[in-house]
Amino acid sequence: MKEIFLIAALFLAAAVCVVLITLHIISKKKVRALTQSIDKFIKDGTLTELATSDGDLAHLQTNICELEMRLIQEREYTKLEAKNNTEFISDISHQLKTPLAGLRLYCEMEHNTSPDCHTEKELALISKMEKLINNVLRLEKIRSDAYVMSFEETELSALLLDLKAEFASLFSQKDITVSGKSSLRCDKSWLREALGNVIKNACEHTKADGKVDILIEQAEKSVSVIIEDNGGGVAEDELSMLFRRFHRSQNASPDSAGIGLAITKAIVEKHHGTVTAENTEKGLRVSMCFPIIDANLKL
């Protein structure tokens, strides 16, 4: 009798083990399927299906689906707000451009008949205002995705060497170096502007014989461009404000409107990257970090 009971117990234990193993396999498959669904949402925006069964895993799947829907709604709301903001600024810009155009015309007429230093200053101020309006409008258009960016594989060292040659002619006494090599999927024209703004800022904030070092660093999943100068840096309380619209540092040039670095930040973020600034022993270091993105990924 005891032997029969023992055999039955062994069969029952074996059956329980089989059931547990089966449940474990099924659970692993469901977890794997859920993970793949999340990856698919990240890649092309396909929503995770709502769960049709009960259990903790099904509850998790439902919550993930709801979270994805909220993310999509929030993204659409943010785009709409950015679009409305851009339209508002565009309207103001056009309202300002009309009187500025008339003012320029009268100043040019006066300058042609009786040129003096006052009309020259007036025309210079009008030009500065026109440039400021255009840059503010461009900044808001970048933020609201009004510009279509064309992403393609680009050799960063070649792009930066080209920028080095451009700024070497403008700042002939500066020592500008470029080191490192990597490629990045980006919009070459826009990224050139973003990098150029930082290099120009570094050249303007160093002495006549100042030094600007540009370093390209590639990691497993990211590429960084680090631009460092020996201009003494900025006040610590200004570091967090460098990339804000209209911020001008204490040693900024008189012609600066505080838009260039804000445009750089917007462009870097449209490349899914980050930009930070920190003081070093000699000057300011600006680091732009970009993720290495699969060409098939929906941006």
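Modeller: The following account takes the aromatic pairs in turn. The model is predicted, so local features need pLDDT of at least 70 and side-chain atom pairs count only at pLDDT 80 or more, while totals for chains, interfaces and linings use all residues. Residues are numbered from 1 along each chain as its sequence is written, and side-chain values use heavy atoms, with hydrogens and water left out.

A pair of aromatic rings is described by the distance of the centres and the angle of the planes. Rings of Phe, Tyr and Trp (its six-membered ring) pair if their centres lie within 6.5 Å; planes under 30 degrees apart count as stacked, over 60 as edge-to-face and the rest as tilted. The structure holds 2 aromatic pairs. In one of them, the ring centres of tyrosine 147 and tryptophan 190 are 5.0 Å apart and the planes stand at 45°, so this pair is tilted. Because tyrosine 147 lies in the loop between helix 3 (117-143) and strand 1, and tryptophan 190 in helix 5 (residues 188-204), the pair ties together parts that are 43 residues apart in sequence. Helices (H or I, at least four residues) and strands (E, at least two) are DSSP runs, numbered from the N terminus.

With a relative accessible area of 29%, tyrosine 147 is partly exposed, whereas tryptophan 190, at 12%, counts as buried. Buried means under 20% relative accessible area, exposed over 50%, and partly exposed in between (1.4 Å probe, protein chains only). Phenylalanine 167 and phenylalanine 171 form a stacked pair, with 6.4 Å from centre to centre and 25° between the planes. Phenylalanine 167 counts as buried, at 5% relative accessibility.
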